[in-house]
Amino acid sequence: MGLLTIGAFARASRLSAKALRRYDELELLPPAHVDAFTGYRYYDEAQVERARLVAWLRRIGMPLARVRDVCDLYASDPAAAARDIRAYWAGVEAETAVRRDLAAFLADQLSGKDTTMSQLTAPLEIRYAARTDRGLVRETDQDTAYAGPHLLAVADGFGGQGAPAGAAAIDALKDLDDAGAAGSARIGDLLNALEDAVDRANSAVSGFDGSGTTLTAMVWTGSRLALVHIGDTRACLLRDGELFRITHDHTVVQSMIDNGSLTPEEAVTHPERAMLLRALDGGEESGRADLRLHEARPGDRYLLCSDGLFTVVADEDVRHTLATVDAPDDAVGELIARARRAGGPDNIACVVADVVPL
């Protein structure tokens, strides 16, 4: 194979010379030869294929660190590289759905549709219950559950200090349970407050070295709710007898389900089912927590739970319990009992909240 100048290689790969110099510095696309006297970079023709792949991956917005991983994987296992690209794009689409909801809210707000949240529709309140259970196998309970007039939350800690990490994350959100502030705030203000609270939660978790937590929380505001979610704790909605999941797991197996390489049934027993792609651990990934808005209706019932429930209790059994057990506290007790009857292999966190007219 012959050597190409950086200009010729840039044309062949559809990457600019400036990009090639940057990718050289990052050791993503190092040249085959650098002239010792002039510093000119020369590339092997065999590098064109990798360079073109880099160009296409950057065009779809893939971060450079992941581009490097996909390119390295492609060299040894093209099928695995293809699966990773599908998983990346599935994640992009999930995040786009979250941003779409926020964009719709902003459009409504700027067009004058948004007033204070208490003016949007008839105000509602929630009746709620929250509980955790150690389960039948774990020596300690690292789950945390909280329910108040305006805040519902579950956290599933991990690591040697998982329990205090989860508790610290929820404590950082408790200011949002202030009934007066929540009732009069505008949605934009609430989302900003929720984002700030997540940053505080992540900072609090950073004090527990090597530990972290998932977090799923809802803040109620008259007739709407704001949802924050990171990790694999879940929020579900029972409406008109049907059960809907309104969070998207940030896990390896969920990305495999998204790209079609794994079925939901196979995910239940997959050896990497507990491996998280996002969590609160003091790092920068907390900035990628999902923020969403939902309209609440009288008669809605919400469930927030950890994987100690949904990995062992079938969706239909969860739906049936939520649909037939009246009081939130009784529903929480029955769901935990079902998880324990299924072996209780993990800690169980459960919050049930009913939406009723104020």
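Author: In this predicted model, three strands form an open sheet in the order β1-β3-β2, with antiparallel pairing; strands here are DSSP runs of E with at least two residues, helices are runs of H or I with at least four, and both are numbered from the N terminus. Two strands count as paired if DSSP finds at least two bridges between them. Because β1 (3-5) and β2 (33-34) stand at the edges, each with a single partner strand, one side of each is left without a neighbour in the sheet. The pairing of β2 with strand β3 (residues 41-44) is antiparallel and runs over two bridges, and in it Val34 stands opposite Arg41 of β3.

Helix α1 packs on this sheet, where it touches β1 and β3, and its direction makes about 95° with that of β1. Contact means heavy atoms within 4.5 Å, while axes are lines fitted to C-alpha atoms, for helices over the stretch in contact, and angles run from 0 to 180 degrees between N-to-C directions.

The helix α1 (residues 6-13) also packs with helix α3 (residues 48-59), at an angle of about 60° and with the axes 9 Å apart. That angle makes α1 oblique to α3, given that angles under 35 degrees count as roughly parallel, over 145 as roughly antiparallel, 65 to 115 as roughly perpendicular and the rest as oblique. The crossing of α1 and α3 is right-handed, a term for a near helix turned clockwise from the far one by less than a right angle, with anticlockwise giving left-handed. On the α1 side the residues that meet α3 are Phe9, Ala12 and Ser13, and their counterparts in α3 are Val48, Ala51, Arg52 and Ala55. Sorted by class, the contact of α1 with α3 has five nonpolar residues, one polar and one charged, where Ala, Val, Leu, Ile, Met, Phe, Trp, Tyr, Cys and Pro count as nonpolar, Asp, Glu, Lys and Arg as charged, and the others, Gly among them, as polar.

As for confidence, the protein averages a pLDDT of 86, and 89% of the residues score at least 70; pLDDT is the predictor's confidence in each residue, from 0 to 100. Residues are numbered from 1 along each chain as its sequence is written, and side-chain values use heavy atoms, with hydrogens and water left out. Local features need a pLDDT of at least 70 and side-chain atom pairs count only at 80 or more, whereas totals for chains, interfaces and linings use all residues.
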